[in-house]
Amino acid sequence: MAKRALITGITGQDGSYLAEHLLSEGYEVWGLVRGQANPRVSRLRRLLGDVRLVRGDLLDQGSLISAVERVRPDEVYNLGAISFVPMSWEQAELTAEVTGMGVLRMLEAIRVISGAGSIRFYQASSSEMFGQVRETPQTEITPFHPRSPYGVAKAYGHFLTQNYRESYGMFAVSGILFNHESPRRGAEFVTRKVTLGVARIKLGLAGELRLGNLEARRDWGFAGDYVRAMHLMLTADKPEDYVIGTGRTQSVRELIEAAFTAAGLTWQDYVVVDQALHRPAEVDLLCADPKKARAQLGWEPTVPFEDLIAMMVESDLRLLSDGGDPDQDSSWP
């Protein structure tokens with residue numbers, strides 16, 4: 001019998017790539033959705049017709065218990081979150097409820113249905129937990145100092161996953177994933193904001209691109225690589241947490257340069273720095289040390305940074321040339 005996986009946040013970038021990967025591995029894949037009216041649900045069905053859906057909400061404990069009881073998964077991947085960091089200052093309470101307390105509710109649902117039984121749990125932790133970093137690069141034991149309500153909520157979920165593993169003997173793991181991007185990235189994130197901006201300028205649809213801090217440095221990789229790491233964590237012999245990243249950093253300025261170069265443009269002619277776009281508390285540098293994942297999981301990233309950005313620019317040029325609207329989530333390839 002095929003293994004069965006339940007994915008929260010399945011309509012997002014990571015959820016779609018993870019569903020594709022698990023389907024290719026012969027899994028029966030279920031996605032948790034709050035309702036069928038969400039346009040992302042119809043988009044998901046077009047992309048992945050074999051995915052089954054079950055109703056549930058990370059804000060509603062009872063719905064999660066019902067969903068886990070109905071699906072009876074072998075593996076649960078908790079990717080659902082309020083994941084756009086700037087929004088977490090504007091909706092701090094909602095971020096805490098979904099991104100933080102949602103982890104507790106899902107862990108409780110698994111414990112109620114199976115105790116310390118056969119359901120394996122993956123929590124999507126984040127490099128934003130490191131925040132004002134104590135050391136570089138960051139490892140699984142680097143202390144956290146989150147600099148946003150999002151990072152704080154992710155740290156809560158991370159420690160809670162460890163606590164349920166140690167308290168109840170659950171196979172529960174956290175993947176501390178550094179920034180990972182793709183053509184499916186939401187239009188509000190800086191990588192996609194840049195590649196869409198470049199595509200609009202190249203096609204004559206815009207004359208400038210306004211951005212905030214150009215000096216912040218991130219460890220950027222391809223989302224399709226990172227979902228493989230999630231699966232490897234849940235199929236390992238024992239539950240452990242892992243840092244997932246490339247071990248290389250680029251600044252936002254280097255991101256801009258790569259994107260404009262891919263389109264045959266000079267970025268200095270179009271980019272405007274806008275102080276209003278700076279975060280209240282900035283995270284200056286995030287860089288992964290993925291040695292543990294490489295040694296124990298055999299995981300390696302496969303898409304270099306420059307190729308990733310070129311892929312995104314090319315995808316956005318096709319999207320806008322075809323009249324697509326990225327703000328309406330119609331842009332998935």
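**Stop 1: two packed helices**

Select helix H7 (residues 190-202) and helix H11 (residues 305-321), which pack at an angle of about 50 degrees with their axes 8 Å apart. Helices (H or I, at least four residues) and strands (E, at least two) are DSSP runs, numbered from the N terminus. Axes are lines fitted to C-alpha atoms, for helices over the stretch in contact, and angles run from 0 to 180 degrees between N-to-C directions.

This is a predicted model, in which local features need pLDDT of at least 70, side-chain atom pairs count only at pLDDT 80 or more, and totals for chains, interfaces and linings use all residues. Residues are numbered from 1 along each chain as its sequence is written, and side-chain values use heavy atoms, with hydrogens and water left out.

H7 and H11 are therefore oblique to each other. Angles under 35 degrees count as roughly parallel, over 145 as roughly antiparallel, 65 to 115 as roughly perpendicular, and the rest as oblique.

H7 contributes Thr191, Arg192, Thr195, Leu196, Val198, Ala199, Arg200 and Lys202, and H11 contributes Ile309, Met312, Val313, Asp316, Leu317, Leu319 and Leu320.

**Stop 2: Asp316**

Stay on H11 and pick Asp316. Is Asp316 buried or exposed? At 0% relative accessibility, Asp316 counts as buried (buried means under 20% relative accessible area, exposed over 50%, partly exposed in between, with a 1.4 Å probe and protein chains only). Leaving aside neighbours within four places in sequence, Asp316 is in contact with Arg192, Thr195, Leu196 and Ala199.

**Stop 3: Glu181**

Next, select strand E7 (residues 180-181) and find Glu181 in it. Glu181 counts as buried, at 2% relative accessibility. Not counting residues up to four places away in sequence, Glu181 touches Gln13, Thr191, Trp220, Gly221, Phe222, Ala223, Leu308 and Met312. To try the distance tool, pick the C-alpha atoms of Glu181 and Gln91: the two are 90 residues apart in sequence and 23 Å apart in space.

**Stop 4: the sheet**

Two strands pair if DSSP finds at least two bridges between them.

Phe121 has Ala172 in E6 as its bridge partner.

**Stop 5: strands E1 and E2**

Move to E1 (residues 4-8), which runs parallel to E2 and is joined to E2 by 5 bridges. Arg4 stands opposite Glu28 in E2.

In E2 (residues 28-33), 6 of the 6 residues are buried, so this strand is largely enclosed by the rest of the structure. Glu28, Trp30 and Leu32 point one way, while Val29, Gly31 and Val33 point the other way.

Go back to E1 and pick Leu6, which is buried with a relative accessible area of 0%. The residues that Leu6 touches, not counting those up to four places away in sequence, include Trp30, Gly31, Leu32, Val54 and Tyr77.

Terms used
Contact means heavy atoms within 4.5 Å.
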